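Dear colleague,

Please find the structure below, together with a short account of what was found in it.

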Amino acid sequence: MQDLTQTQPTTFPDSAARLGQAGAANYPGLDAWRSLPISQQPSWQDEGVYQASVKELSALPPLVFAGEVDVLRERLAQAAQGKAFLLQGGDCAETFDAATADRISARVRTILQMAVVLTYGASLPVIKMGRMAGQFAKPRSSNDETRDGVTLPAYRGDMVNGYDFTPESRGHDASRLVKAYHTSASTLNLIRAFTQGGFADLRLVHHWNKGFTQNPAHARYESLAAEIDRAIRFMEACGSDFEALKRTEFFASHEALLLDYERALTRIDSRTGNPYATSGHFLWIGERTRQLDSAHVDFLSRVRNPIGVKLGPTTTGDDALRLIDKLDPNREPGRLTFITRMGAENIRQKLPALVQKVTDSGAQVLWVTDPMHGNTVTSPNGYKTRRFDDVIDEVRGFFEVHQGLGTFPGGMHVEMTGDDVAECLGGADPVDEEAFLTRYESVCDPRLNHMQSLEMAFLVSGALSQASR
């Protein structure tokens, strides 16, 4: 099995350099990454298709706008200062087939419900962000997958190849980059309609629960919704204006894994002359691609988007400080988010020294927990899964560490869906291994289902309330 954390050459370096100059933003340093070590990149099977795809992406309109990105940076700065909380959730890997109105609305609705629980419980603004409209590429531990003696390229997400185990499906097809763009555009269109067109009206909190099977988490949500209804009626009687309750901000994020895609969609802001990656509002660098001298760190250091970095249990305080120097040299609140993915067994031992070192340096980063990726196991019947209790324990440990240090636990990053899947074991209405046989749908990593997501929000709400005080 090949270790993909090792460096690989950029695919088609000569043509890539030419395309970088031709279409997208022309700005000093934006192509420096092409000469640096880079990992987790596809081996595109047709250079002509690759060239045409990158050229087309370079000419297409931006998916998000610089002004929206600036608003998010301001919101994240508030979270870094303990005045807001980031809720980031969505699929492990989006698929083209699942980009339907029903699936997207269910995911948005679940995030809205989680945000309401957190906001009401902690009396703190919640920044709502989806792993949506761009999360189509995934890093893998091996280039290949073998089944019954047949070896084919590993599935790297719909932006690269298909999930079906056939040579045709598993080939690395650069035309999928363009399809990812258009699928992201339609997803963002739906998200904007849902969150700005009345779907997210806070006076409809009961409506968000309709269509879901009754269970303890939903019953508790209904009780909270009734409290919100009473509060709103009281404020209406006092003559309050509820225009602000009719819509909500919702931001899109994804791992910036395929730099050809990100570079092609980089644009210069006409107001400031600065480069923005317009594929999403917030981009993050994964645990496998965060090497300081790597292409991913270099490229994202040069765009104005707020940036996240995943930090696993091997991260040292010096690693964190070097990343801050590279990605946030001006120490700008809201610019840099550290997303820790330690595992339940490591969080209380590994995180304190990391947070302390960063705090002592004077840097003001946003600390977010990813309780999913460090707690992945294989079930006895062969499915990749996570135990809900482990996920919750890592969240608790994250809050305990920050409480002990006097720092603020600023957010939560979870892989979840609005659907009634069975992929993570446990919860108040327990998912067991037998349920995997009929309700396991993820093409990559296991996600919390709608009920487990809502249950998590209630568990976190109390801890957040204490932290915000």
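**Surroundings of glycine 334**

Leaving aside residues up to four places away in sequence, glycine 334 touches Arg73, Leu76, Ala77 and Pro306, where contact means heavy atoms within 4.5 Å. This is a predicted model, in which local features need pLDDT of at least 70 and side-chain atom pairs count only at pLDDT 80 or more, while totals for chains, interfaces and linings use all residues. Residues are numbered from 1 along each chain as its sequence is written, and side-chain values use heavy atoms, with hydrogens and water left out.

Glycine 334 is placed in the loop between α10 (317-327) and β10 (336-340); helices (H or I, at least four residues) and strands (E, at least two) are DSSP runs, numbered from the N terminus. Its relative accessible area is 4%, so glycine 334 is buried (buried means under 20% relative accessible area, exposed over 50%, partly exposed in between, with a 1.4 Å probe and protein chains only). Valine 377 is 43 residues apart from glycine 334 along the chain, and their C-alpha atoms are separated by 33 Å.

**Helix packing**

Two packed helices are described by the angle between their axes and the distance between the axes. Axes here are lines fitted to C-alpha atoms, for helices over the stretch in contact, and angles run from 0 to 180 degrees between N-to-C directions.

The axes of helix α12 (residues 388-405) and helix α14 (residues 450-468) come within 11 Å and cross at roughly 15 degrees. The angle therefore makes α12 roughly parallel to α14 (under 35 degrees counts as roughly parallel, over 145 as roughly antiparallel, 65 to 115 as roughly perpendicular and the rest as oblique). The residues in contact include Phe388, Val391 and Phe399 of α12, and Gln452, Met456 and Leu459 of α14. The crossing of α12 past α14 is right-handed; a crossing is left-handed if the near helix is turned anticlockwise from the far one by less than a right angle, and right-handed if clockwise.

For helix α4 (residues 101-122) and helix α7 (residues 216-237), the axes come within 11 Å and cross at roughly 60 degrees. α4 is therefore oblique to α7, and α4 passes α7 in a left-handed crossing. On the α4 side, Gln113, Val116, Val117 and Tyr120 meet Tyr221, Leu224, Glu227 and Ile228 in α7.

**Aromatic rings**

Rings of Phe, Tyr and Trp (its six-membered ring) pair if their centres lie within 6.5 Å, with planes under 30 degrees apart counted as stacked, over 60 as edge-to-face and the rest as tilted. By this rule there are 10 aromatic pairs. One of them joins phenylalanine 194 and phenylalanine 199 in a tilted arrangement, 4.9 Å centre to centre with 40 degrees between the planes. Phenylalanine 194 is buried at 14% relative accessibility, whereas phenylalanine 199 is partly exposed at 21%. Ring pairs also link Phe85, Phe398 and Phe399 into a cluster.

**Positive phi values**

Most residues other than glycine have a negative phi. Serine 123 has a positive phi of about 50 degrees and is found in the loop between α4 and β2 (126-131). Its relative accessible area is 65%, so serine 123 is exposed. Aspartate 148 also has a positive phi, near 50 degrees, and is found in the loop between β3 (144-147) and β4 (150-153). Aspartate 148 is exposed, with a relative accessible area of 85%.

With kind regards
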